[in-house]
Structure formats: C-alpha cells, structure tokens
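User: I am new to this structure and would like a close look at one part of it. Please keep the account plain.

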Amino acid sequence: MNTSADSQAPRVAPAWRAPLIAFALGLAAWWLLPEQLGLLTRITITALFVLSLDLVVGVAGLATLGHAALFGAGAYAAGIFALRVHGDPLLGLAVGVGAGALLALVSGAFLLRYHGFTFLMLTVAVAQIAAGLAQKARDWTGGDDGLSGFTVEPLFGRFAFDLEGRTAALYALAVLALGYYAARRIVDSPFGLAVRGIHENRARMAALGTPVRARLLAMYGFAGALAGAAGALSAQTNAIVALDSLSFALSAEALVMLILGGAGRLHGALVGAVVFTLLHHTAASINPYHWLFVIGAALMAVVLVPPARAWGWLRGRLGAKA
Amino acid sequence: MSAVLLETRDLDKRYGGLHVTRGVSLKLHAGDRLALIGPNGAGKTTLVNQLSGTVAPSAGSVWLNGEDVTRRSQAQRVRAGLARTFQITTLAPHLPVQRQVELALFEREGLTKSFWRSIDAYPALATEARALLRDLGLGEHAGWPTERLAYGEQRLVEMALALALRPKVLLLDEPMAGVPQGEGARLLAALDALPKDLAVLIIEHDMDLVFRFARRIVVLAEGAVIADGTPEAIRNDARVRAAYLGH
C-alpha cells in the first residue's frame with residue numbers, strides 16, 4: 001500500500017556522495033593552485049581532525065576540550081614508527097590510527113563514567129597528562145624539541161613525498177575522503193542512529209535497552225581512529241611532531257572550527273576547517289599579531305546569528321532586490 | 001491462572017530518612033491490566049523505576065519470568081521483555097518519528113552494534129515501524145521531526161517505542177498526563193488495542209481511565225499497598241475512599 005506515510009519516510013543520502021564531492025573539490029584545488037599545496041594539505045588534515053571531533057561533539061553530544069590528545073597520539077606513534085621501525089607511510093598511518101583508537105578506548109573507558117562539565121574537565125586533564133608524558137619522554141618524543149629526523153618512504157613504493165608537496169596533498173586528500181566516507185557510513189548506521197539517540201535523550205535510549213556507555217565508547221574509539229589518522233598525516237607530511245600537537249590550543253581551535261561550520265552534520269566540520277584555516281592564513285598574512293580578532297568576530301557572528309536567520313535575511317534582501 | 005511474569009517481593013526504597021516504598025509485593029500475570037493508584041508522593045513512580053531498573057531497591061527483590069532481576073541493568077530487563085513509558089514525554093526531539101521507532105526495532109533485533117550498513121538497508125523493519133505508526137494514527141507524520149507532533153501524539157510515539165520492543169510486560173507511567181482533552185481519545189483507543197496477552201501495569205491519575213481500563217487495582221499510600229482488588233472492590237473499600245478518593 002502506497003500511503004502518504006511512505007512518501008514522507010526519511011531516507012539517508014548515499015554515503016559516498018559527500019566524500020566524493022569533497023575529494024573532487026580538493027582535487028580541483030590541487031590542480032588549480034599548485035603554489036598552495038602546503039596550505040591545502042594543512043586544511044585537509046585539519047578537516048579530518050575536526051571531522052573526528054564532530055563524531056564526539058556533534059553526533060554523540062560529548063563536549064570535549066582534550067581531543068588533541070588523540071591527534072597527538074597518532075602523530076607521535078606514526079613519527080616514532082617511521083623513526084624506529086619502518087618508513088612506509090601506509091603502515092605508519094595504520095599505526096597512527098591504532099594509537100588514536102587505543103588512547104580513545106582506554107581514556108574513554110574512564111571518561112565516559114562522567115557527564116557534562118566533569119567530562120569536559122577530565123578530557124582537558126587527559127590531554128594535559130598526555131602532553132606532560134610526551135615532554136618527559138625525551139628519548140622517545142624529543143621532548144620540547146619535537147620529534148624529527150625520520151623519513152617517510154614513497155607512497156606505494158613509487159610516489160615520493162616531494163618538496164612541492166604534490167604527493168602529500170593528494171595522499172592527505174585521499175585519506176580525508178576515506179575517513180569522511182567511513183564517518184558517514186557509521187553515522188547513518190543503526191549504531192550511529194543509536195548514538196544520535198543517546199545524544200538527544202540518554203534516559204530514553206537506556207529504556208530501550210541500549211547499553212549507553214558501550215555505544216558511546218565505541219563512537220569515541222572511532223573518533224580516536226580518525227583523529228589518530230589526522231595526527232599520522234601531520235607527522236608524515238611535516239616530517240616533525242611538535243609538542244603543540246597535544247596542546248589545549250589545538251583542541252580549542254578544533255572546537256571553534258566545528259562551531260563555525262556547524263556541529264553534528266559532518267560536512268560542517270569540513271566547512272569549518274576550510275573557513276578557519278583560510279581566515280587564519282589570510283588574516284595572519286595581513287597582520288601576524290592580530291589575526292585572532294578576525295576569528296573571534298567570525299565566531300561571534302556564527303554563534304549570535306544562527307545560519308537559518310542569516311539565510312532568511314539574505315533571501316529577504318535578494319527577494320527585495322528582485 | 002496464567003504464569004506470573006513480573007513479581008516484586010517486599011520491595012523497599014529509602015532515601016536517607018525518607019521511606020518511599022515499604023514492603024511492596026505485587027504479581028503481574030500475562031494479560032493482566034493492573035492500575036497502580038495513590039495520592040501524589042505515594043511512591044508510584046519510584047516503584048516503576050525500581051521495576052525497570054533505574055532505581056536500585058534498598059531491600060526486596062524484582063522477578064521477571066521467574067528470574068531474580070534485582071541486580072540486572074535496565075538494558076538486561078528490556079531484553080528479558082520489560083518495557084516502559086515515562087510520565088514526562090522523553091523522546092529524541094529532532095529525530096524523525098519513524099527513526100525513533102526504528103531505533104527501538106534495531107535495539108530489539110540487537111542491531112545497534114551494526115556500524116556499517118545503512119539504516120535504510122533494513123526494509124522489513126522500516127515497514128514494521130510504519131505499520132506501528134499507522135496503527136496509532138501517526139502514519140502521515142513518519143518523516144516529521146518528533147518535536148513537531150502535538151503532545152498527545154508524542155505520547156503515542158512513546159507507546160509505539162515500547163510496543164516496538166515486543167515486551168511481555170509494559171509499564172505505563174501516567175500515559176494521559178498533560179494530554180489535552182481533544183487528543184485523549186486516540187490514546188484510549190491505543191490502550192484498548194494493546195495485545196491481549198501483554199501484562200500491563202499502568203499508573204494514572206485519571207480515575208475514569210483507571211476504572212475503565214484496569215481489571216485489578218492496587219492502591220499505594222505512603223509507599224505501602226493499602227488495597228488490592230477488582231475495580232468494584234476498590235471503589236467500595238472504605239480505606240481507599242478515606243485515604244485517596246475522598247468520598
């Protein structure tokens with residue numbers, strides 16, 4: 001029976017569509033802006049990191065200011081792996097993914113016993129502990145000097161990481177597209193729906209029989225894997241891992257980017273990362289000391305003027321002119 | 001008489017000096033329609049919370065299908081066949097109505113571990129969700145965000161979620177609370193249409209509904225059972241009239 005209910009049934013978009021669009025746009029930028037490949041790589045890695053944060057903040061509803069711990073874990077793991085074990089980028093990436101996921105699962109098992117501000121403060125504490133450990137373990141991490149001196153072998157044994165950054169940019173773009181695809185599939189799965197349900201109403205989901213903490217932990221683990229991938233990419237494309245990859249500032253900046261782009265929809269993470277990094281890049285090149293004013297103004301505009309209202313205003317203006 | 005599905009034995013709950021439920025012993029059989037009534041603060045919701053597993057009793061035990069579930073989690077009790085609705089509507093406001101019901105179905109089928117297949121790849125469950133919504137008169141709103149529904153309709157969604165779990169025992173905590181007069185009829189019809197073999201425990205202040213729906217009534221006052229019997233017996237019980245009905 002085809003009723004009006006059928007016509008109104010909710011559907012999700014194919015999981016490949018948005019990642020393919022993102023990849024195509026990135027590829028166009030790679031092609032058209034050969035002078036800006038370093039910036040493109042930075043945006044791409046940042047986007048992957050913010051995407052990972054969106055799984056935690058936007059999808060699962062867990063406010064965190066310690067996400068850099070997962071990024072840094074991936075970065076250091078990939079760097080140490082390249083320095084001491086093997087320089088293959090894909091193996092290094094896998095190690096970074098594993099390190100991010102492992103730290104997320106271990107810390108999450110403790111963190112997810114708490115909610116709200118307690119959770120938020122504990123995420124900061126975990127990141128600070130991670131940064132403290134990285135600083136002390138000089139033999140492994142290089143301490144304040146950062147981890148350097150490792151080389152990354154050519155991708156698939158063929159494509160060397162050249163000085164222009166052509167391979168690095170494409171490699172990062174491909175990993176972002178795959179990570180985005182995986183995130184899209186996870187969010188649109190029964191598991192993802194349950195996590196969104198927990199975000200909206202934890203008590204109701206528990207009453208449906210959902211093991212709330214286990215589902216949140218699994219999502220935190222997925223997010224850790226993506227953040228670890230972003231960290232590994234950062235290590236491999238910059239050939240250095242600095243202590244600030246575990247910093248509070250990085251966690252906070254990622255949250256700002258997510259709010260700029262809109263949390264909970266995944267593509268907002270990419271938009272936020274692009275807008276923030278471009279604003280940063282442009283404003284800092286004009287005035288290296290006061291670029292944060294521009295970011296602050298943009299953030300205030302987004303927070304104080306919700307997108308729906310901005311659209312309404314814009315459409316009203318356009319309509320008035322027409 | 002059919003088997004006992006849900007049983008409490010001397011259930012006690014204390015919060016410091018406050019004694020909220022006192023030695024409550026109840027039995028619920030398949031097909032029962034049991035109403036739990038009592039003045040505000042009598043301990044009705046605390047009792048339901050102890051049954052569903054969100055509040056641990058201070059003493060006594062809860063039995064489901066002949067098994068002691070007192071120490072079991074809420075999720076384990078749901079899997080054993082116990083579902084509940086809430087006094088205050090608790091739904092995910094931004095999720096489409098159909099997705100809410102699908103969530104319950106995914107949970108029932110043990111699919112919320114599945115993280116790769118799309119939620120649209122389960123057509124049988126989507127059909128079941130829509131059928132449930134159609135039965136409750138909500139078919140046209142399947143794609144709406146839940147917050148757009150009228151309050152009475154949201155209460156119906158609450159019931160749809162509980163029924164989607166195919167429970168053996170259903171706890172309804174004030175299903176008519178806050179429902180405007182005009183929207184009550186659909187809820188009443190939904191209550192009448194509940195599966196015959198389902199054991200239902202309902203908490204409700206609307207006495208017309210209680211006496212119409214229940215085949216047995218338990219009266220709680222200050223945390224203790226003061227009367228247990230048929231609606232007719234309860235109506236004529238002097239203690240109940242004194243303590244609760246006021247006439």
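How many residues of chain A are in contact with chain B, and how many of chain B with chain A?

Analyst: This is a predicted model, in which local features need pLDDT of at least 70, side-chain atom pairs count only at pLDDT 80 or more, and totals for chains, interfaces and linings use all residues. Residues are numbered from 1 along each chain as its sequence is written, and chains are lettered from A and ligands numbered from 1 in the order in which they are written.

Between the chains, 31 residues of chain A are in contact with 39 residues of chain B; two residues are in contact if their C-beta atoms, placed from the backbone, lie within 7 Å. On the chain A side, two or more residues each come from helix 1 (4–8), helix 8 (166–187), helix 9 (190–200) and helix 10 (202–207). Helices here are DSSP runs (H or I, at least four residues), numbered from the N terminus. Helix 9 of chain A gives the largest share, eight residues. By class, the side of chain A that touches chain B has 15 nonpolar, nine polar and seven charged residues. Ala, Val, Leu, Ile, Met, Phe, Trp, Tyr, Cys and Pro count as nonpolar, Asp, Glu, Lys and Arg as charged, and the others, Gly among them, as polar.

Within chain A, helix 3 and helix 11 (residues 212–238) pack at an angle of about 165°, with their axes 9 Å apart. Axes are lines fitted to C-alpha atoms, for helices over the stretch in contact, and angles run from 0 to 180 degrees between N-to-C directions. Helix 3 and helix 11 of chain A are therefore roughly antiparallel, a term for angles over 145 degrees. The residues that meet include A:Ile45, A:Leu48 and A:Phe49 in helix 3 of chain A and A:Phe222, A:Leu226 and A:Leu233 in helix 11 of chain A. The residues of this contact between helix 3 and helix 11 of chain A divide into 16 nonpolar, four polar and no charged.

Helix 3 of chain A also belongs to the cover of helix 13 of chain A: what covers the buried residues of helix 13 includes helix 2 (17–32), helix 3 (37–59), helix 12 (248–261) and helix 14 (291–304) of chain A. Among the buried residues of helix 13 of chain A are A:Gly268, A:Leu270 and A:Phe276; buried means that 20 or more other C-beta atoms, placed from the backbone, lie within 10 Å of the residue's own. At 1.5 Å a residue, the 20 residues of helix 13 (residues 267–286) of chain A should span 28 Å, which agrees with end C-alpha atoms 29 Å apart; the expected span is 1.5 Å times one less than the number of residues.

Methods:
A residue is buried if 20 or more other C-beta atoms lie within 10 Å of its own, exposed if 12 or fewer, and partly exposed in between; C-beta atoms are placed from the backbone. Angles under 35 degrees count as roughly parallel, over 145 as roughly antiparallel, 65 to 115 as roughly perpendicular and the rest as oblique.
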